[in-house]
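Colleague: Please take a close look at one part of this model for me. I would like to follow it residue by residue, and then see what lies around it.

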Amino acid sequence: MNKKRSRVRSRRTQIRLHPVTEQRIAKMVVRVLKKNGGGTPQAPAPLPGAVPSLPGPPVAAETETVPSEQPAAAPTVLAELDEARKPPGPVDTKQMKVLVRSLLSEDSHWHTEQSILDGLRLVTQAAAPVKHLCSLPTGLTAIPFDLLLVLGNPDPNFFDELRDPVLSGSPVKAVWLADAAAPAEQLPSIADAFDLVFTQNINHIPLYRYMGCRQIVYLPFAADPSVYFPKTVNIAYQSDILFIGNADPRTREMFAGMKPLLVDKKVFAMGLGWQPEDGVTCVRPLADIQEYYNGATVIIYAQPEPGQVLAIGACGGFLLAENDPNLYEYMRPDEDIVIFRSAGDLQEKLGYYWDRPELMRYVSTNALYGSKYRNSCLQMVLKLLHLAARR
């Protein structure tokens, strides 16, 4: 018996089966033997991709092959199937070199640009910011960069700059657009110039795809933790309800439905078209929007902008947001955000949560946790790098 096992093992070694394949074949042999009551195993069904046998005389018993002695092509087919089932391997971002060209507005996005650069420096081998691609410093032209990352919306002048950059190697070219409010312009040029397009607004993806962009990914900028964080604010910024959205027939219908719930409450409205006689205090903040986020007990957001939704979460705010496709990938409904779909739905949910402050604390705490970890700038940067590395 021992000799027989040794002989079988030596045959397997000769044809060099993959260990996983060897285990599967052994299990199949055991199943066949059990099914046949210990008799001679039947010939297995042809493997995927195997050439069917041609008509001819039957094979003699002494030359009949057993599953462990399949033709050389069979293990190859099984090995390929095993490899196809494996998920993509890990990406070693610490070996990546990234060249960053920022087109973001220095007034409104300089914190964002710095946060992205800080994140890249933490997880890559090198992250080099440049002012212009057409006049790279001599030291950078010799570095084989893996990724050219452009931050912001390109204009015609940028494409002139991009036309003949002196870059070593063939880096993946990606643009992270600042297009939360409106689609980017220059879309045909963007489609031609970039392998990867990252958008702030998932609703723009059909348009970008129609204009020829090869791969578009929804990836909003993370909230800046140096600007948006929980804190106590002056009474001038404190409210029971902060409503964000322009005054129009639809939002006025929302207010009409909430009237019974707004009695004796301090209500701020942030948007265009609101008048004091609407029973609200109109606020038009510039640099102090985070103060209003921190001062509100409940924030109601009509037609929410993804970046501001993440900012509200970073302040630990309790948010009731109108349904929008942007809310689902990075936020969890009823866990760190509450979504409403109509004026009646808003009225019902506002009343429900107002009477249950412990649930509001649960939701706002989850939103704050998500902002610090799941949706941090570092996590967004890592997602971008992994997608670029697998191009």
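Modeller: Leaving out residues up to four places away in sequence, Ser371 touches Ala223, Leu310, Gly313, Ala314 and Ser376. Keep in mind that the model is a predicted one. Ser371 sits in helix H13, which covers residues 357-372. Its relative accessibility is 15%, and because buried means under 20%, Ser371 counts as buried.

Helix H11 is made of residues 306-314, and its axis comes within 7 Å of the axis of H13. The two axes cross at roughly 110°. An angle from 65 to 115 degrees counts as roughly perpendicular, so that word applies to H11 and H13. The crossing in which H11 passes H13 is left-handed.

Helix H9, residues 249-262, packs with helix H12, residues 343-354. Their axes are 8 Å apart, and the angle is about 30°. Angles under 35 degrees count as roughly parallel, so H9 is roughly parallel to H12. H9 passes H12 in a right-handed crossing. From H9, the residues that take part are Glu253, Met254, Gly257, Met258 and Leu261. They meet Ala343, Leu346, Gln347, Leu350 and Gly351 of H12. By class, the residues of the contact of H9 with H12 comprise six nonpolar, three polar and one charged.

A pair of aromatic rings is described by how far apart the centres are and by the angle of the planes. There are 14 aromatic pairs in the structure. In one of them, the ring centres of Phe243 and Phe255 are 4.9 Å apart and the planes stand at 65°, so the pair is edge-to-face. Phe243 is in strand S7, residues 239-244, and Phe255 is in H9, so the pair ties together parts that are 12 residues apart in sequence. Both Phe243 and Phe255 are buried.

Phe268 and Tyr292 make another edge-to-face pair, with 5.8 Å from centre to centre and 75° between the planes. Phe268 belongs to strand S8, residues 267-270, and Tyr292 to helix H10, residues 289-295. The pair links distant parts of the chain, since its two members are 24 residues apart. Phe268 has a relative accessible area of 3%, so it is buried. Tyr292 is at 12% relative accessibility and therefore also counts as buried. Elsewhere, ring pairs join Phe158, Phe159 and Phe194 into a cluster.

H10 also contains Glu291. The relative accessibility of Glu291 is 14%, so this residue counts as buried. If neighbours within four places in sequence are set aside, Glu291 is in contact with Lys231, Val233 and Tyr237.

For contrast, consider a residue in a loop. Leu272 is found between S8 and strand S9 (281-283). With a relative accessibility of 57%, Leu272 counts as exposed, because the cut-off for that is over 50%. Leu272 still has contacts beyond its neighbours within four places in sequence, and these are with Asn246, Ala247 and Arg284. Leu272 and Ala247 are 25 residues apart in sequence, while their C-alpha atoms are 6.1 Å apart in space.

Finally, here is the setting for these details. The chain has 14 helices and 12 strands. It is 391 residues long, and buried residues make up 42% of them. Take the contacts between residues at least 6 apart in sequence: 65% of these join residues at least 24 apart.

Conventions:
Residues numbered from 1 in each chain as written. Predicted model: local features only at pLDDT ≥ 70, side-chain atom pairs only at ≥ 80, totals over all residues. Heavy atoms only, no water. Helix = DSSP H or I, 4+ residues; strand = E, 2+ residues; numbered from the N terminus. Buried < 20%, exposed > 50% of the residue type's maximum accessible area, 1.4 Å probe, protein only. Contact = heavy atoms within 4.5 Å. Axes fitted to C-alpha atoms, helices over the stretch in contact; angles between N-to-C directions. Parallel < 35°, antiparallel > 145°, perpendicular 65-115°, else oblique. Left-handed = near helix turned anticlockwise from the far one by under 90°. Nonpolar A, V, L, I, M, F, W, Y, C, P; charged D, E, K, R; others polar. Phe/Tyr/Trp six-rings, centres within 6.5 Å; stacked < 30°, edge-to-face > 60°.
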